[in-house]
Amino acid sequence: MDPTPGLESAITFGYYVSTLGFLLATVMMGAAVRQFGKSTLGSIFSYFFIGTGIFFAITIFQKLGADFFGIADESMDIWWHLMFYLALISYYFGLRALIGLGSADPSQSGMRQGAEKMWGIGALVIVAAIFVIPSMAEPIVNAYTASPLAALGLHHFLAFLLAGMVGSYLFRAKKSLGQIGRAIANPMIIAIWALALQHLWELQFESWKTIVVTTEVGEGGEKIFLTIAALCVTYAAWRLRTYSKQ
């Protein structure tokens with residue numbers, strides 16, 4: 001069946017909204033980090049800046065597509081999921097440090113001053129490698145995509161599990177956040193849970209086939225969750241930027 005033109009347009013629109021959202025959020029978070037300077041808050045929100053920047057990189061990676069990298073569509077899925085894990089881990093580090101700052105014992109954050117720079121450099125190297133090595137690593141990735149684990153949707157499940165854990169962690173610890181943490185907590189909770197639901201949806205219609213829909217409808221569902229996440233992260237970044245000016 002040919003894709004519905006209206007649905008194709010909606011999917012394309014969702015892609016550009018999410019891309020623009022993550023771009024704006026990255027710029028605003030970067031501006032907030034510069035405003036906080038070499039302070040504890042500057043270090044903490046560097047993790048959010050890095051994670052959001054990775055989400056923007058994912059949208060660029062997807063736009064370039066499998067033909068650009070000389071790999072299979074299934075391999076594209078694996079590579080951008082690796083960047084997704086990296087972005088969520090960066091959010092977790094930032095949330096853990098922020099929660100530690102707002103608690104009675106800030107040492108619980110486990111954050112070392114300057115650690116965010118090392119993390120940023122490492123994350124940049126990994127993302128750069130993902131944009132360079134896909135064709136060279138295609139035999140290795142193909143071995144996974146042809147395996148029973150890929151058929152079961154392991155990469156989707158790990159993304160769902162990671163996002164769910166980070167979202168739950170933030171929800172449970174929300175009361176421990178300081179003023180600035182509470183200012184961004186709600187939109188970040190919605191964003192992270194939207195990302196979790198995006199991957200749960202992928203599991204259902206791509207891997208487990210418990211929901212039988214066309215590819216276009218499946219992609220449309222993904223874009224809905226991704227757009228919600230992008231808009232919420234953008235709103236959180238705007239609130240953070242506003243707070244940094246005070």
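Q: Is F55 buried or exposed in this predicted model?
A: The relative accessibility of F55 is 3%. Buried means under 20% relative accessible area. F55 therefore counts as buried.

Q: How many aromatic pairs does a search of the whole structure find, and is the pair of F55 and Y91 stacked or tilted?
A: The search of the whole structure gives 18 aromatic pairs. For F55 and Y91, the ring centres are 5.7 Å apart and the planes stand at 45°. Planes under 30 degrees apart count as stacked and over 60 as edge-to-face, so the F55 and Y91 pair is tilted.

Q: Which helices does the pair of F55 and Y91 link?
A: The two residues are 36 residues apart and belong to distant parts of the chain. F55 is in helix α2, and Y91 is in helix α3 (residues 73-102). The helices linked are α2 and α3.

Q: Is Y91 buried or exposed?
A: Y91 has a relative accessible area of 1%. Buried means under 20%, so Y91 is buried.

Q: Is the pair of F93 and W119 tilted or edge-to-face?
A: The ring centres of F93 and W119 lie 5.0 Å apart, with the planes at 80°. Planes over 60 degrees apart count as edge-to-face. The F93 and W119 pair is therefore edge-to-face.

Q: Which residue has its side chain joined to that of S43 by a polar contact of 3.4 Å?
A: S43 lies in helix α2 (residues 40-69). At 3% relative accessibility, S43 is buried. The residue whose side chain makes the 3.4 Å polar contact with the S43 side chain is E116.

Note on methods
Residues are numbered from 1 along each chain as its sequence is written. This is a predicted model: local features need pLDDT of at least 70, side-chain atom pairs count only at pLDDT 80 or more; totals for chains, interfaces and linings use all residues. Side-chain values use heavy atoms; hydrogens and water are left out. Helices (H or I, at least four residues) and strands (E, at least two) are DSSP runs, numbered from the N terminus. Buried means under 20% relative accessible area, exposed over 50%, partly exposed in between (1.4 Å probe, protein chains only). A polar contact is a pair of N or O atoms within 3.5 Å; within protein, one must be able to donate a hydrogen and the other to accept it, and residues adjacent in sequence count only if both atoms are side-chain atoms. Rings of Phe, Tyr and Trp (its six-membered ring) pair if their centres lie within 6.5 Å; planes under 30 degrees apart count as stacked, over 60 as edge-to-face and the rest as tilted.
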